[in-house]
Amino acid sequence: MPLKTIITGLVALAIVTASPLARAADATAMVYWAEWCSACKILDPVLEEAVNTYDKAEMNIVRLDYTNMTYESLLVEAEKAEALGIADKVALNDVKTGYAVIVVDGELKGRVSAGMSVDLMQQVFDAALQID
């Protein structure tokens, strides 16, 4: 197992402090993002447009930034994941970027990725939020 994956997992699981991050929304699109990721550049504007059709209390975006991969930056991203209640799922990610998972009450409820349309993303969001 790569060292970065081990560090990400250990740091994510070691964080025990709670944070109000993303608690204000019913659902969060948690984006696995990096500056060097070409899929992220395709995903970002479409995801923003899709999320912006919802009220801020229903849906928001949190980016886990894996650009630098330093211990300090991994710690910050692990704290975000812990605040969402899904640190254990981040450790399983193996630091892949270019997609977002939809988190509702600490559970993964959907996934969107580059290449999806705004309409298709909204269908995933509606299912996660249980909107008919």
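**From one leucine to the core**

A: L74 is found in helix α3, residues 71–84. Helices here are DSSP runs of H or I with at least four residues, strands are runs of E with at least two, and both are numbered from the N terminus. Before going on: this is a predicted model, where local features need pLDDT of at least 70 and side-chain atom pairs count only at pLDDT 80 or more, while totals for chains, interfaces and linings use all residues. Residues are numbered from 1 along each chain as its sequence is written, and side-chain values use heavy atoms, with hydrogens and water left out.

So why does L74 count as buried? Because its relative accessibility is 5%; buried means under 20% relative accessible area, exposed means over 50%, and partly exposed is in between (1.4 Å probe, protein chains only). L74 sits 10 residues along the sequence from L64, and their C-alphas are 8.8 Å apart in space.

Now zoom out. The chain has 5 helices and 4 strands, in the order α-β-α-β-α-α-β-β-α from the N terminus. Of its 132 residues, 47% count as buried.

Next, look at α2, residues 38–51: its 14 residues reach 20 Å from first C-alpha to last, close to the 20 Å expected at 1.5 Å a residue (the expected span being 1.5 Å times one less than the number of residues). Still, α2 bends by about 30 degrees at D44, with a proline, P45, following within four residues. That bend is the angle between axes fitted to the seven residues ending there and the seven starting there. Its buried residues are C40, L43, D44, L47, A50 and V51, and they pack against β1, β2, β3, β4 and α5.

One of those residues, L47, leads us to the largest nonpolar core, which has 24 residues: L47, M59, I102, V112, M121 and F125 touch the most other members. The elements giving two or more residues to this core are β1, α2, β3 and α5, and α5 gives the most, with 6. A nonpolar core is a set of buried Ala, Val, Leu, Ile, Met, Phe, Trp, Tyr and Cys residues joined through side-chain atoms within 4.5 Å.

Setting aside neighbours within four places in sequence, V112 is in contact (heavy atoms within 4.5 Å) with L47, Y99, A100, M121, V124 and F125. Apart from this core lies another, of 11 residues, among them Y32, L64, Y66 and M69.
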